Amino acid sequence: MNSKVKGILQILLVVVLIAAFGFVAGKGIGGGHRGSVKNIRLGLDLRGGVSVTYQANKENPTEQEMSDTIYKMQQRVQDVSTEAAVYKEGDNRITIDIPGVSNSAEILEKLGRAGSLQFVLYSNLKDKDGNAASPKDGDVVTFDEKNVELDGSTIADANATTQTDSTKGTSENVVQLKFNNKGVKKFASVTGSHVGESLAIVYDGKLVSAPTLQTQITDGECVIEGGFKEFSDAEELASTLRIGALPLELTNIHDNVVGATLGSEALKSSIMAGIIGLIIIIIFMIVMYRLPGVASSIALVFYIGMMLLALNGLDVTLTLPGIAGIILSIGMAVDANCIIFTRIREELATGKTVSSAIKIGFSKALTAIIDGNITTLIAAFVLYLKGSGTVKGFAQTLAIGIILSMITAIFVTRFLLNAFVALGLDDVKLYGVQKERKVLNIIGSWKKSVCISGAVFLLCIGGLIFNYAAKDGSVLNYSLDFVGGTSTSISIGENTEITDELKEQAVTVVKDATKLNPEVSSSDDKGVKKITVRTTKLTEEQAASVRTKLAEKFKVDEGKVESETISESVSGEMKTNALVATLIAAICMLVYIWIRFRNLQTGLSAVLALVHDVIAVFTVYVVASSFIQVGSTFIACMLTIVGYSINDTIVVFDRIRENRKKASSRTDLAEIINRSVTETLSRSITTSLTTFIMVFVLAVFGVSSVRQFAIPLIVGVISGTYSSVLVAAPLWYLLSGRGKRKERKGTTYSKGKK
């Protein structure tokens, strides 16, 4: 086949695939429109809704108890929303996410405390004070536990239906109830001994219904009839019976009510940030790398198409940090291309043809690409294990992005470059030739680097001392995630000015409802104005009451009132996870680098450079504590920087390893390191710049929660580049004994005896 025809067909193939990705992303395939962007699951922070996390009161629940409880809770929330998700977190926690709902107070009330269902003879019921009573449906009742005839664990199924009344000939609403093997004998005994009496159904301490036993029932199947004016009444009783008693007692440790308004704005602004950043990077890559830049830009569009399909195909729930992860991965996706293109230019500088330079360039760049991305994947994996909720979403999208970026760089970009060559686009001017570089004396200036890094460390320590003195012992601005309590926010009209009087009104409402002294703050985020009131932890009833009263006071829909409650145990756990996750990631990376480079000093140098970057980013949280909070995304930010920084360091170390193999035994290590850092400097700056562009755009266009994540990342990207060039390499030199060659062992000459 003619080479030009082959090149045209290769480019057409890529274009067709991109068009196919675009079609599937826009329209989907099949009747269910699978693959469509519209079908990507959105998290609560983007769509709004209710999320509740329960913890089992039992210290070590069994796997069976947890799975049975999850099943029962799933049945409970199905009546609220068919999109609700119930899943296990850790060993003893269950989280329920119900997206797209607005009647949050009603839902939290319906979920209740995940209590119990019992059957008790009506005559044995007492009022809440323990006195004999004749309660009505809905009344709170008490009873002696020994009088419980059956409980919810004996129920197999319950369904609402209609049947014809044999005496009147009319249709009536009924509930068909079926007991399991455990309950058949018990129910037969109760119905045989108490015909004519009422057997009350008590759920969560309230009387639900008290049907009369008309005859003994021995097969475990019966019909509850009479009293259901509407079919929905029968459905409600059937639902209560189906749920039954949960195998475990649960305690609400975290609930979050998110309004859809801010989520919608966050989604729009994040997508806008991604599009703008993508356009800037495409222009930058074409200007910087010419024709290879065109290839990388096409590969980047290909990458985005694959990412959208992966999110849909893997059924990933997209959260706000998840979108940040995608946008960050776009900036990092060009990293492999930068390494490859630099290698190609170096080969062209030696006089090789474009075709040969492409082949050799990809071959030489492969180890650095794989090593760098694996270490970043380690950070993403640890983040997924130790993170929770939206942080897991960030870890998922970041990991998917890293894998797909490697695929597009190694295969798609190479495929396109070979197609360009086949078309006759093999003029060296289209690719650029690496100019001779003046070797920088990196090792000779290590003392200056120590001074700069030392200044950052002193700034961090000074900031901690200042914060401790100025904020009554609190060195950081911890969010609710890290201190626990309840935060309630109300969205104010766009044209309404938030005054001290308005904030005081919000405080008064909360104070009257809870008898607590709350803290109040306000924000104006992309036109979404909010007043936020923070208190110690409120009960579900108190939180619901506060939301209702704030909505009434400010004359807004209750859907515009958000609240989040986190117990102190969860907040303490998050603090521990932040430290543990960073340590685990650092140790895993140390081991991996040690194995790959067969040199412990190399791994130690890289990890110490990571510590440097972690401290630099931590300094941002210390110095800017007035507007940047330490919360759940703090873990994500730290581990992202750890992964990003180690990626950059690996590229430098890979070049040092390569040059060391080529050098003679007499070549000083300092000379090798200086030349290696110089050779990789342009790639380090280019990659950092593309990542910086994406994160900067995210900080400018993102909502407040994204901005608090993006600003520390910006500092982390800058610090990561600085440490890879001016910290990690000199550390390797120093830990290797300052590059001094060891004395050669073996035979020696000595002065003979006279």
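Why does Arg290 count as partly exposed? I looked it up: Arg290 has a relative accessibility of 41%, so it falls in that class. Buried means under 20% relative accessible area, exposed over 50%, and partly exposed in between, with a 1.4 Å probe and protein chains only.

**What I am working with.** This is a predicted model: local features need pLDDT of at least 70, side-chain atom pairs count only at pLDDT 80 or more, and totals for chains, interfaces and linings use all residues. Residues are numbered from 1 along each chain as its sequence is written, and side-chain values use heavy atoms, with hydrogens and water left out.

**Backbone angles.** Most residues other than glycine have a negative phi. I noted Arg290, not a glycine, with a positive phi of about 60°. Arg290 sits in the loop between α7 (260-289) and α8 (291-313). Helices (H or I, at least four residues) and strands (E, at least two) are DSSP runs, numbered from the N terminus.

Next I checked Lys515. Its phi is positive too, about 65°, and it is not a glycine. I found Lys515 in the loop between α14 (500-514) and β13 (519-525). Lys515 is exposed because its relative accessible area is 70%.

**The largest cavity.** A cavity is a set of points on a 1 Å grid over the protein atoms alone, where a 1.4 Å probe fits but cannot get out; lining residues have an atom within 4 Å of a point. I looked at what lines the largest cavity. The residues include Ile339, Ala368, Asp654 and Arg683. Helices α9 (320-349), α18 (632-662) and α19 (669-701) each supply at least two lining residues.

Methods:
On a 1 Å grid over the protein atoms alone, a cavity is a set of points where a 1.4 Å probe fits but cannot get out, and a pocket is an open set with protein on both sides within 12 Å along at least five of seven lines; lining residues have an atom within 4 Å of a point.
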